[in-house]
Amino acid sequence: MDVVIVGAGSVGLLLGSYLSESGLEVTMIVRREGQANALNNNGIRRINEDGSETISRIHATTSMPTGSASPVWIIAVKYINLQQLLNELDNLQILNPMLFIQNGLDHFGMANATSLPNLAFATVEHGARRLDDNTVQHNGVGLVTIGAGRGDSTIFGIIETAHSDRFPVTRHVDAEFVLMRKVLINCMINPLTAILEVENGELLTNPSCHELFVALYDELINAFPDMKPFLSIEAVSAVCQNTAHNKSSMLSDRLAGRPMEIKTIITAVIEKANELHKKVPLLAMLEKMLYAIEGKGEQL
Ligand code: KPL
């Protein structure tokens, strides 16, 4: 067992598929027996951008593997389920090196509050969609960036075994920088796609969407000018282009009736801007609209 992945949503399945394909022994921890059976019986089925399919064999289980093996754990559950998982891991005294892959910023403090000696944070810019319990559609190649957190960051180099043109992996010395850059990309793409119900590519092709996208980019780069050299409009447009046919995670959550991670993505960035005494009125309005969508039908 080289790598344990907790969570088999779109990102967990995509990572499991590429890590297994690169020769690593992957164990996936999932909540439902049905999903564990589907993964054990059929492997992870990945539908590539050109329509070809790749099947990767992995081991799936619903119980926490304990014992002497000390692989890297990748925590790929949604932010909303993270605290419960951390409590469970703490009770079981599982202290393996852990790589956290959540959207947004709030999980940074949560993970750092644990007694885990070695932890890191990664961002994923791929377009991916889970089609069923063991199938993921790879909708766009992006970058996986591993930002060093606490302890020995070299342990997480094992993930780079999977590095390829279709699954590029890179490392950065500062997890907070990596998360901040990614959350700004998410703020520029996710609320607009979720509210307007459009795929990422439409932010580049539909003139009205594009106008809003550029206005949001300008507002956020003015609020966080230090990020400008690392986040050009071309770079954010490239993420939209590479994931043109992907539904953002926020839109997917909306369509599936799940919470849209508004607090950890949007509210967290508004709070950071406030700390710097910067105004982000467009993002603040989009935040209100998202909360209004999520709270549809609620009474004052
Ligand atoms: O991270 C994403 C998300 O949807 O949350 C992007 C990169 C925008 C891909 O859709």
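This is a predicted model: local features need pLDDT of at least 70, side-chain atom pairs count only at pLDDT 80 or more; totals for chains, interfaces and linings use all residues.

**Entry 1**

Residues are numbered from 1 along each chain as its sequence is written, and side-chain values use heavy atoms, with hydrogens and water left out.

I placed Glu 197 in the loop between H5 and helix H6 (202-205) (helices, H or I, of at least four residues, and strands, E, of at least two, are DSSP runs numbered from the N terminus). Its phi is near 55°, a positive value in a residue other than glycine.

I then turned to His 277, which has a positive phi of about 60° and is not a glycine either. This residue sits in the loop between helix H10 (262-275) and helix H11 (281-294). Is His 277 buried or exposed? His 277 counts as exposed, because its relative accessibility is 72%.

**Entry 2: Phe 224**

I found Phe 224 in the loop between helix H7 (207-223) and H8. With 7% relative accessibility, Phe 224 counts as buried. Which residues is Phe 224 in contact with, leaving aside neighbours within four places in sequence? I noted Met 180, Leu 184, Val 269, Lys 272, Ala 273 and Leu 276 (contact means heavy atoms within 4.5 Å). Lys 272 is 48 residues apart from Phe 224 along the chain, and their C-alpha atoms are separated by 9.1 Å.

**Entry 3: Asp 253**

Asp 253 is buried, since its relative accessible area is 0%. Its side chain has a polar contact of 3.0 Å with that of Lys 78 (a polar contact is a pair of N or O atoms within 3.5 Å; within protein, one must be able to donate a hydrogen and the other to accept it, and residues adjacent in sequence count only if both atoms are side-chain atoms). Another polar contact, of 2.8 Å, joins the side chains of Asp 253 and Arg 258. Not counting residues up to four places away in sequence, Asp 253 also touches Pro 259, Met 260 and Glu 261, among others.

**Entry 4: H8 and its partners**

I checked how helix H5 (residues 175-196) packs with helix H8 (residues 233-242): the angle is about 65° and the axes are 11 Å apart (axes are lines fitted to C-alpha atoms, for helices over the stretch in contact, and angles run from 0 to 180 degrees between N-to-C directions). H5 and H8 are therefore roughly perpendicular to each other (angles under 35 degrees count as roughly parallel, over 145 as roughly antiparallel, 65 to 115 as roughly perpendicular and the rest as oblique). From H5, Arg 181, Ile 185, Met 188 and Ile 189 meet Ala 235, Val 236, Val 239 and Cys 240 of H8.

I found H7 and H8 packed at about 135°, with axes 11 Å apart, and this pair is therefore oblique. Phe 213, Val 214 and Tyr 217 of H7 make the contact with Ile 233, Val 236, Ser 237 and Cys 240 of H8.

Technical notes
Buried means under 20% relative accessible area, exposed over 50%, partly exposed in between (1.4 Å probe, protein chains only).
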